[in-house]
Amino acid sequence: MTRALLLLRRRLVGSVFVLLIVVIGTFLLLEAAPGDAVDAYIASTGGDAGMIELLRHRWGLDQSALTRLATYLWALLHLDLGQSVTFSRPIRDVILERLPNTLLLMGSATALSFGLGSALGIYAGARPGGFRDRLLSIGSLALYAVPGFWLGLVLIIVFAVDLRWFPIGGIESIASAKTGLDRAADIARHLVLPVSALGFIYLALYLRMMRAGMAEVWRQDFVLAARAKGLSRRRIVLGHVARNALLPLVTMLGLQSAQMLGGSVVIESVFSVPGLGRLAQEAVAARDTPLLLGIILVSAVLVIVINLLVDIAYAFLDPRVGASEAGA
Amino acid sequence: MSEVTISRRTVLAGSALLLASTALPTIGWAQTPKKGGRLVVAADSEPRNLNPAIVASNGVFFISSKIVEPLAEASFDGKDGLGPRLATSWEGAADGLSVTFKLREGVKWHDGKPFTSADVAFSALQIWKPLQNLGRTVFKDLEAVDTPDELTAVFKFARPTPFQLIRNALPVLTSVVPKHVYETGKIEENPANNAPIGTGPFKFAEHKPGEYYRLEKNGDYWGKDQPYLDEIIYQVLPDRTSAASALEAEEIQLAAFSAVPLADLDRISKVPGLKVITKGYEALTYQLVVEINHRRKELADLKVRQAIAHAIDRDFVVKTVFLGYAATATGPVPKNDPQFYTADVPTYAFDVAKANALLDEAGYSRGDDGKRFSLKLLPAPYFNETKQFGDYLRQALAAIGIDAQLVNNDSAAHIKAVYTDHAFDLAVGPPVFRGDPAISTTILVQSGIPDGVPFSNQGGYKNDELDALIAKASETLDPAARTELYREFQKKVAADLPLINVAEWSFISVVRDTVANVANNPRWAVSNWADTWLEA
C-alpha cells in the first residue's frame with residue numbers, strides 16, 4: 001500500500017504543474033486564434049457598432065488578455081471555473097451535465113476494445129502465424145485503418161436506417177419519462193452504435209499488441225520449461241504466455257484514454273451524443289475561452305487520474321514497478 | 001378538389017381506401033385537421049439566447065416563433081403580404097410621425113396574465129429599439145409609444161419614418177414579450193431569454209442542452225381550436241448527415257433550413273413517405289454576393305469590377321453549386337421580392353473575352369506567367385454553398401488572369417478578418433434580404449459605417465450619389481416614390497458594382513407526408529405552426 005501512496009504523492013505534485021501548463025497553453029492558443037466570442041456571436045445575429053461594444057464589455061472582452069488570464073487563474077485557485085458566455089451559465093454545471101455521457105461512452109468503448117481486443121489477441125497469439133492469427137491480424141488492421149466518423153456513418157446506415165435495430169443517435173429517448181431499469185436499458189440501446197464505432201477502432205490496437213507480446217513470450221525459456229513440465233497447451237497459453245504479455249496492454253490503456261477523448265469528439269458529433277467532446281468543439285467555434293479551458297482542465301484531470309490508476313494497477317500486477325520508490 | 005361533396009358512399013369508399021393502403025399520402029379533398037401528436041424536427045444549433053425580441057435571427061425564430069408572436073406575420077394572400085397576429089390592424093399617419101396598432105382581444109401570456117398595449121410599448125421602447133440587432137436601425141427614431149387604451153398602441157417617431165418600412169419590418173422585428181416578466185432586473189440577463197414566455201400556440205417546456213428543446217401545446221391559445229399538435233420537439237443533430245438518416249429512420253418528421261444537404265435531396269426525394277418542399281421560404285431570401293475591398297487599387301477601378309462580374313457564369317453557379325435550387329441575381333434586391341425588384345438594371349453576361357479586354361483596358365496586362373495580379377479571397381464559412389462558390393470564383397478569376405488565393409476561416413475568424421480587420425480583397429458573403437432594402441440591404445453599400453459591423457459595407461466604398469439616394473429613400477413617406485427610389489438604387493448598385501450579386505437562394509424542407517399544412521406562408525419555418533397537424 002505504501003508503494004501506491006508514494007506514487008500517488010509524487011504524481012499529484014507533478015500534476016499541478018501539468019495542469020497549469022495546459023491552462024496557460026490553451027489560453028494562449030485560443031487568444032492567437034483570430035476572432036473572439038463577440039465575433040462568433042454576431043456571425044449568426046448581426047448587429048451595429050454600439051451593440052458590439054456593449055457585448056464586448058459585458059463579456060469582459062474589452063480587457064487585456066493578461067488581465068483576463070490573471071482573473072481566470074485567480075478564480076481557478078478558488079475552484080471557480082467561471083461563467084460560459086455561450087450558455088450564460090456556470091461552466092461547472094455545463095460540464096457536469098455532459099461529463100457522465102462522455103465517461104459512459106469512453107468507459108464502455110475502452111472496455112469493449114480492451115476486453116474484446118485482448119481476448120482476440122490471445123486467440124490469435126495462441127498459435128502465432130497460424131490461419132486464425134493471419135485472419136484476425138488482417139481484419140483488425142483493416143478496422144484500424146477506417147476513419148471513426150466513416151465507421152459511425154456506416155453503422156448508422158446499416159443498423160439504424162435500414163435494419164432499425166438501434167436509434168440513429170442521442171443518449172436516450174426524447175422526453176420519454178422512463179426511469180430506473182427502463183431508462184438504463186434505453187441508454188444502453190442508444191450507446192450500442194457509438195460505443196461500437198469508437199471501440200472497434202481501438203480494438204485492433206489491443207489485439208495486435210497482445211498478439212505481438214505473446215509471440216515474443218513464446219520464445220522465452222520459461223515457456224519451454226512449462227512445456228517440459230507437461231502442462232496443457234491451454235494452461236500455457238492463458239497462465240503463462242498471455243499473462244506475461246498483458247502488462248504492456250495496461251500501459252496502453254492509460255495512454256489510450258487521452259486518444260479516446262479525442263476520438264469521442266467525432267463520434268459524439270456523428271451520433272448526436274451530448275458529451276464533452278462536442279461541447280469542446282462548440283466552445284472553440286464560439287471562442288468561449290473559459291468554457292474550453294474548463295473542458296480541457298477536466299479532460300486533463302481525467303487523463304491524469306486514469307494514468308494514475310493504471311500505474312497503481314501496474315504496481316500490483318508487477319512487483320518490480322515502484323520498488324525503487326519504496327526503497328528510497 | 002376541396003369542393004367535392006362528401007356523401008356517405010364516398011366517405012365509405014374513402015375509408016376503405018385508407019384501410020387498403022395506410023401508406024397512401026394526402027387524399028385530395030380538404031381534410032379536417034386532427035388534434036394531437038408530437039412533431040419531431042431537426043435542429044442543427046442551439047441559440048444561446050432564445051428571445052426573438054432581442055435576437056431577430058432565423059436560428060432563434062425557428063424555435064421561438066412558436067412561443068413568442070410578432071404583431072403581424074408574412075402571408076401569401078394577405079394585404080401587403082401580411083397576416084395579423086397580435087395586432088389586428090395597423091395604420092400609418094400621413095406625416096410619417098406615428099403608426100397606430102389595434103391589438104387582439106382576449107390574448108393571454110403563458111403565465112395567465114392578460115396581454116395589453118403596455119407589453120407592446122415596453123417591448124418596443126425597452127427591447128426592439130435599444131437592444132435588438134435589427135430594431136436598433138429601423139426603430140432608431142421611435143420616441144414614445146402611447147397606450148390610450150389596453151388594445152391600442154400608437155408608435156411616435158421623432159423624424160418622419162416611412163410606414164412602408166415599418167409594415168415590412170413587422171414579421172421580423174416585432175416579437176412582443178411580457179412587460180411583467182422583463183421589467184425587473186437586466187433585460188439581457190433575464191432567465192426568460194432562455195425559457196421564453198409568450199402568447200404563442202406553444203409553451204416552452206424544457207431544453208436539454210445538446211439533446212432537444214420541447215415545446216408543449218398552449219391550451220389557452222387565442223386561435224380557435226389551435227394549435228393542433230400536442231408537442232414540438234427540436235432534436236439537436238449537429239452532424240450534417242444525420243438529419244437525412246433520422247428522416248429515413250422515421251425518428252424525425254421534418255428537416256427545415258436545408259438541414260438535408262442539397263446533394264442528398266435527389267436520393268431522399270425517392271424515399272417513400274418523404275417530400276422535398278421548396279415553398280415556405282419566399283420571405284427568407286439569401287443573396288450570394290462577392291464583397292469587394294475598394295481599398296485595393298485594382299479593385300477601386302470600375303473596369304476591374306466589371307471584368308470580375310463578366311467572368312462569373314451565374315447559370316453555372318446556380319446549376320452546379322446550388323444544383324438548381326437558386327436563381328441568378330441581377331442586383332441588390334432579389335427577383336422574388338414583390339415590392340421593390342426591378343430587372344431594368346445593367347447586367348453582366350458571362351463573357352471571358354470581354355472581361356479580359358476590360359482588364360487590358362484598365363492597364364493590368366498579363367505578366368509572363370499569365371497573371372495580372374493576385375488577390376486574397378475569403379469565402380464565408382456559414383454555408384456549404386458559399387465555400388463552394390469560393391472554389392468556383394477562384395477558377396473563374398484564373399481564367400481572366402487574376403490569381404486568387406483562398407483563405408478559409410471559421411465564422412469568428414471570418415467576421416473579424418472581413419468586417420473588423422479588412423484583411424481581404426474579395427469575400428463571398430450571404431447577406432439576407434428582409435423584405436425592405438432599408439432593413440439590412442442598403443447598409444451593404446452605404447458609407448460611414450464604423451469598423452467591425454458585420455454584414456455591412458466594410459470594403460471602404462464611398463459613393464456620395466448613392467449615399468444621398470439611400471438617405472432620401474429613408475425619409476420618403478409615399479410608398480410609390482420610395483419604391484421608385486429603391487429601383488434607382490438597384491440600377492446604381494448594378495452600374496457601379498460596390499459588390500457583385502451572383503445568385504439568390506433559399507432553403508429546402510424535407511418532410512414526412514403525414515405532416516399537414518406545411519409551407520403555407522412565406523416565412524413558414526420561422527412562423528407559429530399553430531395550424532400544423534399530423535395525419536397519423
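Two residues are in contact when they have heavy atoms within 4.5 Å of each other. Keep that handy for the exercises below, and remember that this is a predicted model.

**Exercise 1. Work out what covers the buried residues of H13(B).**

Step 1: Start with how enclosed the helix is. Seven of the ten residues of H13(B) are buried, so the rest of the structure largely encloses this helix.

Step 2: Name them. The buried residues are B:Ala412, B:Ala413, B:His414, B:Ile415, B:Ala417, B:Val418 and B:Tyr419.

Step 3: Look at the cover. From chain A it includes helix H2 (37-45) and helix H12 (276-285), and from chain B strand E13 (285-292), strand E15 (373-379) and strand E17 (426-429).

Step 4: Check what follows the helix. Just after H13(B), B:His422 has a positive phi of about 55 degrees.

**Exercise 2. Describe the interface of chain B and chain A: how many residues does each chain bring to the contact?**

Step 1: Count the residues. Chain B brings 45 residues to the contact and chain A brings 47 residues.

Step 2: Get the area. The two chains bury about 3700 Å² between them, with 57% of it on carbon and sulfur atoms. On chain B's part, B:Arg48, B:Arg136 and B:Pro209 supply 18% of the area buried against chain A, more than any other three residues.

Step 3: Look for charge pairing. There are four salt bridges between chain B and chain A. One of them joins A:Arg164 to B:Glu250, and the closest N and O atoms there are 3.0 Å apart.

Step 4: Nine residue pairs are in polar contact across the interface, counting pairs with both residues at pLDDT 80 or more.

Step 5: H13(B) gives the largest share, six residues.

Step 6: Sort that side by class. It has 18 nonpolar, eleven polar and 16 charged residues.

**Exercise 3. Find what the aromatic pair of B:Trp128 and B:Phe155 ties together.**

Step 1: Over all chains, the structure holds 30 aromatic pairs.

Step 2: Take the geometry. The rings of B:Trp128 and B:Phe155 sit 6.3 Å centre to centre with 35 degrees between their planes, a tilted pair.

Step 3: B:Trp128 is in helix H3 (residues 117-131) of chain B and B:Phe155 is in strand E7 (residues 152-157), so the pair links parts that are 27 residues apart in sequence. Both B:Trp128 and B:Phe155 are buried.

Step 4: Finish with a cluster. Among the members of one aromatic cluster in chain B are B:Phe62, B:Tyr234, B:Phe257, B:Trp505 and B:Trp529.

**Exercise 4. Is B:Ser440 buried or exposed, and which residues does it touch?**

Step 1: Locate the residue. B:Ser440 is in helix H14 (residues 437-440) of chain B.

Step 2: Apply the cut-off. Buried means under 20% relative accessible area. B:Ser440 has 10% relative accessibility, so it counts as buried.

Step 3: List the neighbours. Not counting residues up to four places away in sequence, B:Ser440 touches B:Val432 and B:Arg434.

Step 4: Give the distances. The side chain of B:Ser440 reaches the backbone oxygen of B:Val432 at 3.1 Å, and a 3.0 Å polar contact joins the side chains of B:Ser440 and B:Arg434.

Key:
Residues numbered from 1 in each chain as written. Chains lettered and ligands numbered in written order. Predicted model: local features only at pLDDT ≥ 70, side-chain atom pairs only at ≥ 80, totals over all residues. Heavy atoms only, no water. Buried area = accessible area lost by both parts, 1.4 Å probe. Salt bridge = Lys/Arg side-chain N within 4 Å of Asp/Glu carboxyl O. Polar contact = N/O pair within 3.5 Å; in protein donor to acceptor, adjacent residues only side chain to side chain. Helix = DSSP H or I, 4+ residues; strand = E, 2+ residues; numbered from the N terminus. Nonpolar A, V, L, I, M, F, W, Y, C, P; charged D, E, K, R; others polar. Phe/Tyr/Trp six-rings, centres within 6.5 Å; stacked < 30°, edge-to-face > 60°. Buried < 20%, exposed > 50% of the residue type's maximum accessible area, 1.4 Å probe, protein only.
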